[in-house]
Each structure stands twice: as structure tokens, then as C-alpha cells.
Amino acid sequence: MARSRRRITRSATQKSPERSPSSSRSSLTPMEDEPEPTQAESTPTKTDEDVCPSCREDVHGEKSSWIRCDACKIWFHWACVGDGSDLELINKWFCGPCMTEKPSRLMTLKVPARKSSRKRTQLDYANLNAGVESDPSRWLRVIQSKPIRDDNFRRMKGADVGLEWLENDETAMREPIVVENPEGLRMKMPPPEFSVQDVADEVGPETPVEVIDVASQSNSPGWTLGRWAEYYNTEPSKRDKIRNVISLEISGTKLADQVLPPRLVRELDWVEKFWPSTRKGKGHAYPKVQLYCLMGVASAWTDWHVDFAGSSVYYHILRGCKVFYFIRPTPANLQAYERWSGTEMQSNVWLGDMVDEVVKVTLHAGNTMIIPTGWIHAVHTPVDSLVFGGNFLHSFNIATQLKVTEIEKATHVPKKFRFPLFVKLCWYVGDKYLRDLKSKEEFPPRVLESLEALARFLVSESQAMERGTEVAKREAKENVPSDRVKDAPAMARELRWRVRLAAGATSDDEDLGRPVKKNMVNGHKRKRSPASAAVGVQFRNFQPKGWDAVNELPRELDERVVNTHPPRISDMWEREWMEWDKELEGQEQEERATVEKTRDVMIKVRKTENWERVMERWVWKAEPSKPEGDPQDVEMKSVEDASLGCEEVTKEEEQETEVDVSV
């Protein structure tokens with residue numbers, strides 16, 4: 001999609017038109033399309049030429065940029081009414097009086113031009129406007145000087161890649177796998193001699209196709225499959241630019257009859273399993289992401305990206321060769337990707353410098369690779385290539401899928417470039433699993449752990465319906481499939497409850513029955529610190545902030561004998577012990593207590609904090625005389641413990657000292 005320009009300059013003879021409520025012209029309409037001015041209007045005056053309705057004497061400088069209110073159609077200097085933002089990014093704008101008249105009027109921004117269906121790239125506008133294009137091979141030169149490790153991903157036989165492998169191997173679908181021979185995958189692909197011209201003939205030569213200019217990583221408009229086939233078949237030395245096609249979805253075409261994803265993909269794919277079959281096909285809106293045809297010429301480069309919604313990918317090389325560069329989706333790496341994506345760093349910073357490592361995988365004709373959830377990757381095409389693949393969501397890593405959707409929202413990826421109908425698909429999935437749980441069907445622990453994340457997400461959607469803004473309420477309700485889900489909030493909360501019971505919860509209380517989360521990072525259990533292991537759930541939806549490091553020093557034990565009396569029977573005996581005066585310990589008393597002192601020191605590092613916990617156990621073994629009912633051995637416990645009627649007295653002191661701790 002070509003970038004449309006917002007900035008409009010007016011000549012000295014143009015006049016701000018009068019208010020015209022019946023006019024439907026948008027603020028993008030250039031002034032030369034306005035009606036010809038009458039003779040009386042054509043006489044330039046100071047007001048006509050230089051002054052807008054909001055001109056201010058304190059505004060100096062450039063006043064050649066104008067903007068028109070989309071309601072009253074009156075033109076204003078952007079310098080007088082603007083907020084300093086880029087005028088070219090504005091889609092609809094309203095003046096102050098019009099917004100006061102109707103508060104629902106809001107300024108909106110343009111949707112960025114589409115660059116790819118599975119990535120979002122920052123354009124170098126300065127170079128483009130200056131007529132200087134980026135070098136399509138610059139990242140290939142950067143790679144030569146970077147530390148890149150060869151992969152040690154599993155090479156598997158096609159017959160072994162199935163649902164049985166996924167359910168019995170805890171490491172399955174944690175890392176990419178490569179199947180060098182497609183035999184046994186139970187997939188269908190066109191013959192090896194199938195060409196790009198055949199793609200155009202099967203799909204239709206007049207079919208529009210999105211073509212990426214590799215140099216600028218931007219979309220080139222006006223391409224059809226027929227024109228693309230001619231370009232692809234041109235001698236490499238005669239091609240004007242390096243171009244790439246990565247988003248041609250072929251569902252519903254003749255070519256789709258020749259492509260069938262691997263068996264594992266069909267067994268896992270949410271769209272295949274949970275989207276109603278009566279709501280697929282022509283005339284129905286459903287996620288069409290299972291069948292893609294990718295065509296790239298030599299030296300093509302696809303920049304770093306994560307497939308939408310963290311979806312997994314199957315990727316079969318029919319002709320040519322592809323080189324993948326992978327970054328593992330650890331929390332730190334995903335955070336680095338979020339900082340890098342959609343910013344100026346995307347044009348001049350190698351993402352590999354911001355993460356722990358980059359892994360290289362080379363695929364040749366006949367190879368098939370399955371990329372699991374959330375893996376960050378870039379792709380180089382060394383020779384002209386033809387690839388078939390597709391995206392799929394599954395139930396074995398829902399938490400990472402949801403994490404990627406959060407990153408997409410945080411980096412303002414337009415909805416049209418996200419996984420289509422993602423939230424509605426989640427409701428279909430939740431509804432089916434709820435019915436299965438009601439019928440006592442059993443699921444692997446890994447699936448139950450993922451369903452906990454899905455249930456929390458659906459509950460958050462329900463909360464948006466119940467107490468969100470009007471816009472949030474409307475959007476959340478529109479995403480609920482009314483043909484299956486009648487009471488969305490009740491369904492989401494029941495799913496959460498049943499998932500927790502199936503995972504082994506001992507109570508039906510939403511908080512106390514919450515199973516202990518097993519934090520998994522790419523197949524490895526994350527060790528919990530002693531502090532976090534002891535923290536219980538106190539508030540619903542509250543997650544305590546974690547510590548950067550925890551160090552527990554050896555326990556110190558001490559014992560002494562103190563001459564003092566035990567607690568007296570009074571209403572104020574608790575305060576007496578809270579405000580204990582150590583001078584009383586040396587006084588002569590008939591009673592004698594044995595004090596066992598335990599000192600635990602635990603250093604918890606978030607910035608600079610040192611926590612020290614001292615517990616003393618006081619025991620009176622014998623007293624000559626005491627009043628009836630006087631507690632001899634009493635245990636003073638914290639609020640969480642049981643009642644105070646014990647045989648010992650326990651005093652706890654917790655100290656917090658700020659010290660300089662380097663992490």
C-alpha cells in the first residue's frame with residue numbers, strides 16, 4: 001500500500017472556505033479540488049492569506065502547513081492548532097469547537113502501510129525521501145562479523161513426528177526440528193518440478209500479490225502473480241531489485257488441493273480442531289493461515305520477526321535453499337525483541353547483539369522444519385526458492401502464544417497484521433475443553449498448565465465485558481462466538497475452576513485451590529527461590545514482585561537462661577511482650593526461663609536490601625507459685641498461626657537493613 005501524504009501547502013491566493021455542514025470531503029482532499037473561488041473571494045487579503053481561525057500571536061515560524069477539520073471543513077494552521085506531532089500520520093482531525101459540540105469525535109491516526117503478514121518493519125524514511133535506498137545485502141555483511149552458532153536441533157524421521165511423540169516427550173515442540181526426508185510426515189506437496197509459473201497458473205495470473213522490496217523492507221504495490229512470475233523468471237543480473245513474496249495464502253484455490261500440512265500439524269491446529277466446520281469455507285470468516293506459498297529470489301532477506309500470536313510454523317522447501325537465524329524465546333530475549341521491534345533500532349541495530357545467542361540452520365530442497373511457539377527468526381534466501389508452509393496454534397504452549405499477542409499490542413501492530421479472529425478462536429477452544437473436562441476426559445500435565453493460561457486470558461476478557469470502557473465492552477462482546485458460548489463470564493470462570501481441579505487442586509476456592517505453577521522455559525523447569533516458594537496467594541490476581549537474587553546464610557543458634565516472670569493474666573500482656581525491656585531480664589525473679597535463640601539471615605536483592613529474622617523461644621520449666629489459670633508455657637505466634645494457648649513463648653523480630661549490594 002503506497003504511503004499517502006497528509007501535509008498540504010496552500011498558495012497565497014487560496015482562502016479558508018466557510019463552514020459547510022453538508023460537505024463530505026475529508027481532510028486529505030487537496031485544495032486544488034475545492035470549488036473555484038468567486039471573483040469576490042479571489043481578492044487576497046491578509047485574513048485570507050495568512051490567518052486561520054485559531055491564529056495566535058505567540059506562534060512564530062512555518063505556517064505553510066494546513067489541516068482541515070473533518071466536521072466543519074475549516075482550514076487551520078497546523079502550527080497554531082497542532083500538538084507538535086507529525087501531520088502526515090493523522091487520519092481524522094477535529095477542531096476544538098467541533099469536539100466540544102460532539103465529545104465522541106476523536107482524532108485518529110493512519111494505519112501503517114502493510115509490509116508483510118508476519119512481521120513489522122520500520123522504514124528508513126529519511127533515505128527513502130532522499131532517494132537513497134538501503135543496501136539489501138547489508139545484514140548479510142553484518143552476519144559475517146557476528147558470533148553465530150551452528151544448530152544442534154533434532155533431526156527426526158517423518159514417521160516419528162506425531163501426537164505420540166508430543167505427549168510422551170517433555171522436550172517435544174520446545175525447539176525447532178528438521179525432517180530431512182518428508183516420507184512419513186503424511187503431508188502432500190506439489191512435485192519437485194513445480195515452478196513459480198505453475199503457481200501463477202493454478203492461483204490465477206491476475207491475483208493480486210504482496211511483494212516486498214528487500215532493500216527497504218516495504219510493500220511494492222500493483223503486483224499480480226502473472227507479473228511476479230515474469231520477474232522471478234528474469235535473469236538475476238537483469239532484475240532491477242531484490243524482491244520477496246512471503247504472504248500468499250492459497251486456501252480455496254486449485255493449488256490448495258495439492259498441499260496438505262503434516263499429520264502433526266493437523267492433529268494440533270486449533271483452527272482444524274476447534275473452529276466449527278459449518279463456519280468454514282466460502283461465505284464464512286475464519287482464520288486462513290494454514291497454507292502459504294513463499295517465493296523469493298537469491299539474496300532476499302526477511303528481517304527478525306515472530307509469527308503472529310506466537311503461532312508455530314511448518315516449512316517445506318520445494319525448490320532452492322533457505323538459511324534461518326534463530327533466537328530462543330526466553331523472557332529476556334522476548335523483552336529485547338519488544339524493545340527493538342517497531343523502533344529506530346530496527347533499521348540500524350542487529351538484534352543478535354541484544355540477546356544471548358543466535359543459531360543458524362540451513363535447509364535444502366526436500367527438507368521440512370517445524371518451528372515451535374514464539375521463536376524469533378530471520379531468513380536469508382541464497383538461491384531462488386519456492387516454499388510451502390503454514391501457521392498453527394496449539395494447546396501445548398498457550399502461555400507463550402498469549403505473551404506474543406501482548407508484545408504485538410505493546411508495539412502497536414495493526415490488527416490486520418495479527419492472527420485473524422484470535423480471541424474468538426480462544427473462546428471456541430475454551431468451550432471445547434470445558435465440555436471435555438465436564439465429561440472427565442484426562443489431559444497431559446503440559447496441556448493442563450497451558451489451559452490455566454488460556455482460562456486466565458478468557459477471564460480477563462470477561463472482566464473487560466463487565467467493567468471495562470464502553471469501547472472495550474463492545475469489542476470483547478463481539479469476539480465471543482454466540483453460536484457456542486451463551487454466558488461468556490460464567491464459562492471462563494468455570495473453565496478456570498475445572499482446570500485447577502484437574503491439575504490436582506485440593507480446594508474449590510479460587511485462591512487456595514490454585515495449583516502451584518510450574519514455570520517452564522523451553523523445556524526446562526525454572527528453579528524457584530526459597531522466598532518465592534513460601535509465598536502463598538493472599539490476593540486474587542496479585543503476583544508478588546520477584547527478587548533478582550536470594551542468598552540464605554547459615555543459621556545461628558544460641559541458648560541462655562533469663563530470670564524473669566512469664567506473661568501475666570491481663571488484657572495488656574501482648575503489648576508487654578511487644579515492648580519488652582531487656583533490663584527486666586537481669587532482675588531477681590523466682591521464675592527462670594530458658595531462651596533458645598535462632599538467627600536466620602537472608603539477603604534478598606532487588607536493589608539494596610538485607611533482611612534479618614530473629615526468633616526466640618522462651619520456656620519456663622518450673623515456677624514455685626502461680627495464680628490459677630496463669631499461662632505457664634505460652635507460644636506467641638504470628639497472625640497466620642493458631643490461637644495463643646500453647647506451652648511456650650515465641651518472639652520474632654524481623655529487621656530490614658539497607659546495604660549496598662551489587663548484582
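This is a predicted model: local features need pLDDT of at least 70, side-chain atom pairs count only at pLDDT 80 or more; totals for chains, interfaces and linings use all residues.
Local features need pLDDT of at least 70 and side-chain atom pairs count only at pLDDT 80 or more, whereas totals for chains, interfaces and linings use all residues. Residues are numbered from 1 along each chain as its sequence is written, and side-chain values use heavy atoms, with hydrogens and water left out.

A search of the whole structure finds 21 aromatic pairs, a pair being two rings of Phe, Tyr or Trp (its six-membered ring) with centres within 6.5 Å, called stacked if the planes are under 30 degrees apart, edge-to-face if over 60 and tilted for the rest. One of them is the edge-to-face pair of Trp 304 and Trp 350, at 5.3 Å centre to centre and with 65° between the planes. This pair links distant parts of the chain, 46 residues apart, since Trp 304 is in strand 12 (residues 300-305) and Trp 350 in the loop between helix 13 (345-348) and strand 15 (359-364); helices (H or I, at least four residues) and strands (E, at least two) are DSSP runs numbered from the N terminus. Both Trp 304 and Trp 350 are buried, where buried means under 20% relative accessible area, exposed over 50% and partly exposed in between (1.4 Å probe, protein chains only). The rings of Phe 326 and Trp 375 have centres 6.0 Å apart and planes at 85°, so this pair too is edge-to-face. Phe 326 and Trp 375 are both buried. Ring pairs also link Trp 139, Trp 301, Trp 304, Tyr 325 and Trp 350 into a cluster.

Arg 446, in helix 16 (residues 445-467), is buried yet has no salt bridge, the nearest side chain of opposite charge being that of Glu 170 at 4.9 Å; a salt bridge requires a side-chain nitrogen of Lys or Arg within 4 Å of a carboxyl oxygen of Asp or Glu, with Lys and Arg counted as positive, Asp and Glu as negative, and His and the chain ends not counted. The side chain of Arg 446 does reach the backbone oxygen of Phe 396, at 3.4 Å.

Asn 391 is found in strand 18 (residues 385-392) and, at 1% relative accessibility, counts as buried.

Turning to the cysteines, the whole structure holds 0 disulfides, a disulfide being a pair of cysteine sulfur atoms within 2.5 Å. For Cys 55, the nearest cysteine sulfur, that of Cys 52, is 3.6 Å away. Cys 55 is partly exposed, with a relative accessible area of 28%, whereas Cys 69 counts as buried at 0% relative accessibility.

Definitions and conventions
A polar contact is a pair of N or O atoms within 3.5 Å; within protein, one must be able to donate a hydrogen and the other to accept it, and residues adjacent in sequence count only if both atoms are side-chain atoms.
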